[in-house]
Amino acid sequence: MGVEKILMPQLGESVTEGTIEKWLVEVGDTVNKYDPIAEVNTDKVNAEVPSSYTGVIKELVAGEGDTIEVGELVCYIDVEGGAAVEEKQEESTGQKAIENISEEKKEQDEEQPMKRRYSPAVLRLAQENDIDLEQVSGSGKGGRITRKDIQKVIDSGEIPEPKAEQKEPEPKQEKAEAPKSPDPKGSEVPVAEGDIEIPVTGVRRAIANNMLRSKHEAPHAWTMVEVDVTNLVEYRNGIKDDFKKKEGYGLTFFAFFVKAVVEALKEFPQMNSMWAGDKIVQKKDINISIAVGTDESLFVPVIKNADEKSIKGIAREVKELAQRAKTGKLKGEEMQGGTFTVNNTGSFGSVQSMGIINYPQAAILQVESIVKRPVVMNNGMIAVRDMVNLCLSLDHRVLDGMICGKFLARVKENLETISKENTSIY
């Protein structure tokens with residue numbers, strides 16, 4: 001028997017660490033190659049870590065709740081000699097470099113500018129505890145500061161003083177006014193008898209970190225338009241029964257809204273952009289993120305290449321993504337690559353809301369409830385119409401009021417001109 005290492009894998013683009021949410025195996029368990037051994041969450045995705053070998057679990061190095069960097073050891077496994085040789089041959093060059101890194105390579109890594117590339121978990125802990133990251137020595141690859149490094153500073157009780165240039169009044173004032181983390185340690189929250197303390201799950205923490213980062217980095221602005229969707233309601237209600245009999249699933253209003261947004265994004269591609277520091281990246285593909293809630297958490301799967309899909313195709317994909325999210329079968333890649341978010345807040349009865357932008361996207365559109373309202377028509381008469389509010393949150397670094405106003409006007413026009421005569425769902 002030979003002992004092999006199982007390392008934290010790369011679970012997504014730009015993901016640098018993951019938190020062990022739950023071990024699926026115990027010491028002594030026999031596993032096959034590719035069997036899931038642990039549930040892991042990151043700031044981007046929740047996934048299962050597969051075994052790299054067939055063998056017997058020897059030692060669980062990481063505990064549940066521990067945050068482990070990509071390439072770090074999570075457990076040991078006993079593997080038969082022949083299998084070990086075979087597995088070693090299958091290892092990628094990148095993983096071999098991590099396991100067998102030489103002293104020369106370490107020196108090269110330390111010279112690379114990795115120290116200032118901070119993960120969301122590191123930024124959150126530093127902000128909560130007023131730690132100047134420039135004063136912290138990193139133990140990670142290339143001098144990268146890890147969550148463990150920050151925790152070590154906190155546990156020592158010796159918080160380093162900020163550098164002189166960081167004590168200027170304006171930066172201090174700006175820092176003091178920054179939004180607090182949604183998950184502080186709890187020392188400032190009194191707990192009385194009868195209060196219920198609910199542990200923060202990895203999924204909830206990942207959501208909180210992403211929302212906090214969005215509010216910290218993106219200057220949010222907000223705008224809203226009213227849309228008369230009386231013709232849309234009449235058209236959809238007239239065909240929904242036949243559609244369900246024919247296709248086997250329901251035709252929701254949301255599919256029409258997504259289609260109207262996609263058509264507007266084709267005309268105003270600036271809305272389909274992202275902030276990248278020294279440049280703005282205008283995405284070619286139109287991938288629409290949608291929010292799907294379960295009893296325990298919120299998932300944001302993505303409709304890829306939505307501009308190539310009909311209303312029927314969008315309706316089918318929304319249904320399938322929502323079903324996989326609610327049954328725990330949603331894959332990591334199905335939540336990546338979104339370029340613009342459309343959120344169906346109207347399903348909860350909301351009529352007006354301001355969404356937090358799904359970082360690093362530049363905008364999120366909230367589709368509110370369709371409600372009947374008295375409306376003054378062009379002829380001066382008052383009529384009862386089906387009305388809906390569309391609420392847009394935008395990153396003012398990327399977008400301005402003019403382009404967003406034109407975009408919303410186009411979405412409004414697309415929805416108000418839907419009818420049996422000029423709209424096909426296929």
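1. The protein's secondary structure comes to eleven helices and 19 strands, taken as DSSP runs numbered from the N terminus (helices are H or I, at least four residues; strands are E, at least two). Please keep in mind that this is a predicted model, where local features need pLDDT of at least 70, side-chain atom pairs count only at pLDDT 80 or more, and totals for chains, interfaces and linings use all residues. Residues are numbered from 1 along each chain as its sequence is written, and side-chain values use heavy atoms, with hydrogens and water left out.

2. Of the 426 residues, 42% count as buried, meaning under 20% relative accessible area with a 1.4 Å probe and protein chains only. Cys-75 is buried at a relative accessible area of 0%, and Cys-404 is buried at 1%.

3. How many disulfides are there? The count is zero, where a disulfide is a pair of cysteine sulfur atoms within 2.5 Å.

4. Among contacts (heavy atoms within 4.5 Å) with a separation of 6 or more, 64% come from residues 24 or more positions apart.

5. A helix pair to look at: H8 (residues 230-247) packs with H9 (residues 253-267) at an angle of about 130 degrees, their axes 10 Å apart. Axes here are lines fitted to C-alpha atoms over the stretch in contact, and angles run from 0 to 180 degrees between N-to-C directions. That makes H8 oblique to H9, oblique being what remains after under 35 degrees (roughly parallel), over 145 (roughly antiparallel) and 65 to 115 (roughly perpendicular).

6. The H8 side of this contact is Leu-232, Val-233, Tyr-235, Arg-236 and Asn-237, and the H9 side is Phe-253, Phe-256 and Phe-257.

Notes. Buried < 20%, exposed > 50% of the residue type's maximum accessible area, 1.4 Å probe, protein only.
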